[in-house]
Amino acid sequence: MSTFDPLALARPEIRALKPYASARALAGASGILLNANENPYAPQVESELSLNRYPDPQPARLKQRLAARYGVNENQLLITRGSDEGIDLLLRVFCRPNQDQVLICPPCFGMYGLSARIQGAVVIESPLIDTDAGFTINPNMAEQARNCRISFLCSPNNPTGNVIQRSALREFLKLQLERQQLVVMDEAYIEFAPDHSSLDLMDEFPNLIVLRTLSKAYALAGCRIGVAIANADIIALLRRIIAPYPLPTPTVELALQALSASAYAIQQQQLATMADEKTRLLAVLETLDTVQRIWPGHANFVLIKVEDAKDLIQQASEAGIRLRDQSAQPGLDNTVRISIGQPQENQALIDFLQGRFSQ
Ligand SMILES: Cc1ncc(COP(=O)(O)O)c(C=O)c1O
């Protein structure tokens, strides 16, 4: 096994940085707090939370609960403002502008390429290949990733829904480890396909970073909580540049509730309902004239190819239903992504589709 030193990969500026030391990080939150220029009085809002105080930069209870849920050590985990922030931090720590390359596999989540370009990284595209069995990684990906400091993979992938086969992932991780490069596995939708998680590869591959989020299966998109999971050295590097107090106190409190045992039981029921609803929607989509292709995928959405995506989206919008046009993505001409809603929402969509597009 190659030795791997993430510090050697970090931008020299980041390595040289003396990180900001916030009052809470330096001294904790107990005792008489006269060290952070806060207002000592509670604000005029209805809340029992200590909102006049700056929050814990990485709240201990939330960290414990997330580490236990994911089965990793606390020092392998950084809580961020959504996975969006995790993606941005990784690029800013590791990619030197106009120099370091980043691999993305379109069609994919747009923030990898956007954040990379904002950082000035050179974006290498390795398009997924559309096969009868759905989208798969490009056979040239390993070669294209040769000099890529970070390769962004996503499983299940947004918007195509495909998962990356474990054997292919292992092979790629091994190759990139030999090349001393990082691989990010975005698992935003993994709770919808739990058998496909790559978290257990973490110990074997110190170049693997897994991104999780509470925005999807945990139903907390409004709270903005993401988690980067990686070897402790990588986490320490990301911590150097994250904002001093990234996580608002109310958000943390709500995330703790969403991670309780009782919430978990309800979440499992919701996941089962969404899976049933997806099956129901897919059965209807199969019968529609306008639908030329369906990618059912492994997440809480389906992707379809239709005769005229703009027209479908426009008509749906007039009926009060918002769908997502994916046609601008390479290889996804006239495609529409449909998220699975609550049963009555899905029924409204089904009524609309059958009313307009059945023979
Ligand atoms: C694949 C993927 N990764 C990350 C995100 C962003 O998640 P978050 O809400 O945690 O920033 C999304 C959001 O749609 C996504 O689809």
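Colleague: Which strands does helix H9 lie across?

Modeller: Helix H9, residues 232-241, lies across S1, strand S8 (208-213) and strand S9 (226-229). Its direction is at about 30° to S1. Keep in mind that this is a predicted model.

Colleague: OK, and what's the strand order in the open sheet?

Modeller: It's S1-S9-S8-S7-S6-S2-S3, seven strands with mixed pairing. Strand S1 (77-80) and strand S3 (122-125) are the edges, each pairing on one side only. From one strand to the next, the twist averages 20°.

Colleague: In which sense do S6 and S7 pair?

Modeller: Parallel, over five bridges, with S6 covering residues 148-154 and S7 covering 182-186. Ser151, for instance, has Val183 in S7 as its bridge partner.

Colleague: Switching to the ligand. Which helix gives the largest share of the shell?

Modeller: Helix H5 (residues 82-94), with three residues. The residues surrounding the ligand include Gly82, Ser83, Asp84, Phe109, Cys154 and Asp186.

Colleague: How does that shell split by class?

Modeller: Four nonpolar, six polar and two charged residues.

Colleague: Last one: why is strand S13 largely enclosed?

Modeller: Because four of the five residues in S13 (residues 335-339) are buried, the rest of the structure largely encloses that strand.

Colleague: What does S13 pair with?

Modeller: Strand S11 (residues 301-306) runs antiparallel to S13, joined by five bridges, and Val302 stands opposite Ile338 there. Strand S12 (residues 324-325) is also antiparallel to S13, with two bridges; Arg324 has Arg337 as its bridge partner.

Methods
Residues are numbered from 1 along each chain as its sequence is written. This is a predicted model: local features need pLDDT of at least 70, side-chain atom pairs count only at pLDDT 80 or more; totals for chains, interfaces and linings use all residues. A residue is near a molecule or strand if its C-beta atom, placed from the backbone, lies within 6 Å of it. Ala, Val, Leu, Ile, Met, Phe, Trp, Tyr, Cys and Pro count as nonpolar, Asp, Glu, Lys and Arg as charged, and the others, Gly among them, as polar. Two strands pair if DSSP finds at least two bridges between them. Axes are lines fitted to C-alpha atoms, for helices over the stretch in contact, and angles run from 0 to 180 degrees between N-to-C directions. Two residues are in contact if their C-beta atoms, placed from the backbone, lie within 7 Å. A residue is buried if 20 or more other C-beta atoms lie within 10 Å of its own, exposed if 12 or fewer, and partly exposed in between; C-beta atoms are placed from the backbone.
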